[in-house]
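Subject: Structure handover

Hello,

Here is the structure you are taking over. Please open it beside this message and follow along; my notes come after it.

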Amino acid sequence: MEMEVQEHGEKGKNVMCQLKDPEGNDLGHPLYLPQDAAPKELQQIVNKLLNNEEKLPYAFYISDQELVVQLGTYLQKNKVSVEKALPIVYQPQAVFRIRPINRCSSTIAGHTEAVLSVAFSPDGQQLASGSGDTTVRLWDLNTQTPMYTCTGVPLCLIPLTGEGIKNGLLFIDKMKHIGHKNWVLCIAWSPDGKHLVSGSKAGELQCWDPRTGKPSGNPLTGHKKWITGISWEPVHLRAPCRRFVSSSKDGDARIWDVSLRKCVICLSGHTLAVTCVKWGGDGVIYTGSQDCTIKVWETSQGKLIRELKGHGHWVNSLALSTEYVLRTGAFDHTGKQFTSPEEMKETQVKHCVALERYNKMKGNAPERLVSGSDDFTMFLWEPAVSKHPKTRMTGHQQLVNHVYFSPDGQWVASASFDKSVKLWNGTTGKFVAAFRGHVGPVYQISWSADSRLLLSGSKDSTLKVWDIRTHKLKEDLPGHEDEVFAVDWSPDGEKVASGGRDRVLKLWMG
């Protein structure tokens, strides 16, 4: 067989190959493929073997390296032995393609302190930001101007009747305040787009109506220290969206019901601050903590069902392989709206569409979780299968600040204080590439909806766009005057938002 590879100029010389899915399962029996077979021919074979009515695009990998040339050329160049069947992993690609972001379309002033968080709505049509100035702002993406400033209102007028009342209104000395009184540290949209929740340094949470910018009731209080994370219950599990979970420096996570406007379950068990929280597609909640553990909770009574141990220092960040479909619910990259008369059973439609999208994305494989830590390492877990990690992912030279699965679940990206962004195989946890170019710690990363591009924001005041196929820098985006704390790529792929210490919000387009 090795002679055949070396003599690939001769006709009729074939290589025995075994096609595998990203989980490592064989697709049919080994095949003898001609050495002039290229990705185009392999795509035809995979579509045929999978009986795809609609032909789908695929990328092909040999030993985690993408095949972009003819099989024989690749084997000769890499001196690959083919004494046994050559494993070729096929990975489905998005049928749509996102244009790379390459210019700043607007710089919008408004916040009077640093912008600490930015988040697009699930359909990509609205944008929210949270700031050190204690406000949440909603932005008009069409005019690229501020739409609502969610500051809350002091309730100084209470309508009453009786003695000492003037014009039916009673002025009270001690004003009750709806809204935040301290830095807004995190914000999160419900997957149906109906609610926006913000969490502050004072430990309170506030729910807002994105259509009006008005608060939906009083602040939700219960946490004793600042809010570190917010995650909504997936819409395919319950529609309309009512429940979300918050994590706090006080060591607890709390489940809230926006209809009841109260905390319904308190998840206590961590011995130090809870730094991050995710509500999984299977209905469990994951919390990461400074006590070095990740805990898994069921959500009907708040019982601890599993503890994931392995990190030697604080857990900073958690990411789920299904995160993109959990975030976007029933909305796909087209931002389809459910408003026509035939679709007025909106809740039911959204529930069904979201469930279908989740099941399609997850496939037969268990939901995967990745954790990033102050110990410079990451772990890949399959919590439904085992309490032991699937892989330990090493390579960063400083703490891992942010981890994020690509929308298709095939890649994991990690941002670190070592100034690099690293790319890993999302199924095996194997290291793929390092993206170097930032000259300061990388604070946050975000994926394009087609999983082909990765965005990073850094202390060095720049954003950078990286190409996942070539492992090269695609776009360098200077413009901010100081550290970039927050970045988000809209789920429809059209826009990027960024914010930081310079107090402005920037919108970027392709």
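How many aromatic pairs does the structure hold? The structure holds eight of them. Rings of Phe, Tyr and Trp (its six-membered ring) pair if their centres lie within 6.5 Å; planes under 30 degrees apart count as stacked, over 60 as edge-to-face and the rest as tilted.

Before the details, two notes on the source. This is a predicted model, in which local features need pLDDT of at least 70 and side-chain atom pairs count only at pLDDT 80 or more, while totals for chains, interfaces and linings use all residues. Residues are numbered from 1 along each chain as its sequence is written, and side-chain values use heavy atoms, with hydrogens and water left out.

Aromatic rings

One of the pairs is formed by Tyr58 and Tyr90, which are edge-to-face, with 5.6 Å centre to centre and 80 degrees between the planes. This pair links distant parts of the chain: Tyr58 is in strand β3 (residues 58-62) and Tyr90 is in strand β5 (residues 86-92), 32 residues apart. Helices (H or I, at least four residues) and strands (E, at least two) are DSSP runs, numbered from the N terminus. Both Tyr58 and Tyr90 are buried. Buried means under 20% relative accessible area, exposed over 50%, and partly exposed in between (1.4 Å probe, protein chains only).

Another pair, Phe435 with Trp466, is stacked, at 5.2 Å centre to centre and 10 degrees between the planes. It also links distant parts of the chain, with Phe435 in strand β32 (residues 431-436) and Trp466 in strand β35 (residues 463-467), 31 residues apart. Phe435 counts as buried because its relative accessible area is 1%, and Trp466 is buried because its relative accessibility is 2%.

Ring pairs also link Phe417, Tyr443 and Phe485 into a cluster. Elsewhere, the charged end of Lys201 sits over the ring of Trp183, 5.1 Å from its centre. For that label, NZ of Lys or CZ of Arg must be within 6 Å of the ring centre and within 35 degrees of the ring normal.

Two serines in loops

Ser490 lies in the loop between β37 (484-489) and β38 (495-500). Is Ser490 buried or exposed? Ser490 is buried, because its relative accessible area is 1%. A polar atom of the Ser490 side chain lies 3.3 Å from the backbone nitrogen of Glu494. Leaving aside neighbours within four places in sequence, Ser490 is in contact (heavy atoms within 4.5 Å) with Phe120, Gly124 and Lys495.

Ser300 is in the loop between β23 (294-297) and β24 (304-308). Ser300 counts as exposed because its relative accessibility is 57%. The side chain of Ser300 makes a polar contact with the side chain of Glu298, at 2.5 Å. A polar contact is a pair of N or O atoms within 3.5 Å; within protein, one must be able to donate a hydrogen and the other to accept it, and residues adjacent in sequence count only if both atoms are side-chain atoms. The C-alpha atoms of Ser300 and Val284 are separated by 9.4 Å, with the two residues 16 apart along the chain.

A strand pair and some backbone details

Strand β17 (residues 227-232) is mostly covered, as five of its six residues are buried. It pairs with strand β18 (residues 243-248) in the antiparallel sense over five bridges; two strands pair if DSSP finds at least two bridges between them. Trp232 stands opposite Phe244 in β18. The loop between β17 and β18 contains Pro240, and the peptide bond from Ala239 to Pro240 is cis, with omega near -5 degrees.

Which residues have a positive phi although they are not glycine? Ser63, with a phi of about 55 degrees, is one of them, and Ser461, at about 80 degrees, is another. Ser63 lies in the loop between β3 and β4 (65-66) and is exposed, with a relative accessible area of 66%. Ser461 is in the loop between β34 (453-458) and β35 and counts as buried at 17% relative accessibility.

The whole protein

The secondary structure comes to five helices and 39 strands. Of the 510 residues, 54% count as buried.

Regards
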